[in-house]
Amino acid sequence: MRILILSDLHANWPALEAVLADAEGKYDRIVCCGDLVGYNPDPAPVVEWVRANCAVVIRGNHDKVVAGIDSLEWFNEVAQAAARWTTANLSQDELEYLRQLPPGPVKFHEFQMWHGSPRDEDEYITTARDAGPCFEWFELPVAFFGHTHLQGGFLSKYRRVGPIPTVEKKQRELVFQLEPDTLYLVNPGSVGQPRDGDPRAAYAVYEPEQKIIRLRRTKYPIEKTMNAIRKAGLPEILGQRLFAGI
Ligand code: ZN
């Protein structure tokens, strides 16, 4: 079994297409850790694709706001503008799909998944100190999360928490073997808006029988997304940040 792990797609269709091409169909199931929409200009194709192809999908904070479950007030101005535009550019049916997505944690096969943290989908897990309490929620050795748009994550061995290495800019992939007595809290990175200084789309592949996780990066035509952002009248900064990966 090989499971394609996607998170934070954020309505970036060229990035999603590039990820699927890069993964070359070498997976049996696809799961999504939330934030299908927000920021970028292709919400409808991304929502339709996720609905048709993902075995498990949990909601992210942007999905909640766009679907009207949560208020806009916590978003900055640019995110608010994009969320309003997104709500106006999805069908009632697509909005209803977002509305019914479950919050994490959700268990699937050999792992758990959530968007931010297990207790709050809006919480950012960016440091080992943030990650510590998450390990108390582990029912299995592996959990995937998103929200920070930072590929990598944390591992805990005998209650010592440390970072998982990340893919270097010259590399396309980092493969790590899961070790016994170790818990892994893994962020596949963001497909549609990476923020770790590497503009390439990010994703992961989990092979539970082999006990292997692959963190992967792939280039995509950012200018396509940029052009669509301009055409949609979305804030220009949303395209500029994609080129910088921030
Ligand atoms: Zn996000």
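Contact here means heavy atoms within 4.5 Å. Helices (H or I, at least four residues) and strands (E, at least two) are DSSP runs, numbered from the N terminus. The views below show a predicted model, in which local features need pLDDT of at least 70, side-chain atom pairs count only at pLDDT 80 or more, and totals for chains, interfaces and linings use all residues. Residues are numbered from 1 along each chain as its sequence is written, and side-chain values use heavy atoms, with hydrogens and water left out.

**View 1. Helix α2 meets helix α5.** Let's begin with two helices: α2 covers residues 43-53 and α5 covers residues 92-99. They pack at an angle of about 55°, and their axes are 11 Å apart. Axes are lines fitted to C-alpha atoms, for helices over the stretch in contact, and angles run from 0 to 180 degrees between N-to-C directions. The pair is therefore oblique; angles under 35 degrees count as roughly parallel, over 145 as roughly antiparallel, 65 to 115 as roughly perpendicular and the rest as oblique. From α2, look for A44, V47, E48, V50 and R51, which meet D93, E94, Y97 and L98 of α5. These contact residues divide into 5 nonpolar, no polar and 4 charged. Here Ala, Val, Leu, Ile, Met, Phe, Trp, Tyr, Cys and Pro count as nonpolar, Asp, Glu, Lys and Arg as charged, and the others, Gly among them, as polar.

**View 2. An open sheet is built from 6 strands.** Follow the order β4-β5-β6-β10-β7-β8, where the pairing is mixed. Two strands pair if DSSP finds at least two bridges between them. At the edges stand β4 (106-108) and β8 (160-163), each with a single partner strand, so one side of each has no neighbour in the sheet. From one strand to the next, the twist averages 20°. A parallel pair is formed by β5 (residues 111-113) and β6 (residues 142-144), with 3 bridges. Within this pair, F111 stands opposite V142 of β6.

**View 3. Strand β7 has antiparallel pairings with β10 and with β8.** How many residues lie between β7 and β8 in their hairpin? There are 2, and Y158 in the turn has a positive phi of about 45°. R159, also in the loop between β7 and β8, has a positive phi of about 65° although it is not a glycine. At 76% relative accessibility, R159 counts as exposed (buried means under 20% relative accessible area, exposed over 50%, partly exposed in between, with a 1.4 Å probe and protein chains only).

**View 4. L174 sits in strand β9.** This strand spans residues 173-177. Is L174 buried or exposed? It counts as buried, at 15% relative accessibility. Leaving aside residues up to four places away in sequence, L174 touches P165, T166, V167, I213, R214 and L215. L174 and I213 are 39 residues apart along the chain, and their C-alpha atoms are separated by 8.3 Å.

View 5. D35 is buried, with a relative accessible area of 1%. In the loop between α5 and β4 you will find P105.
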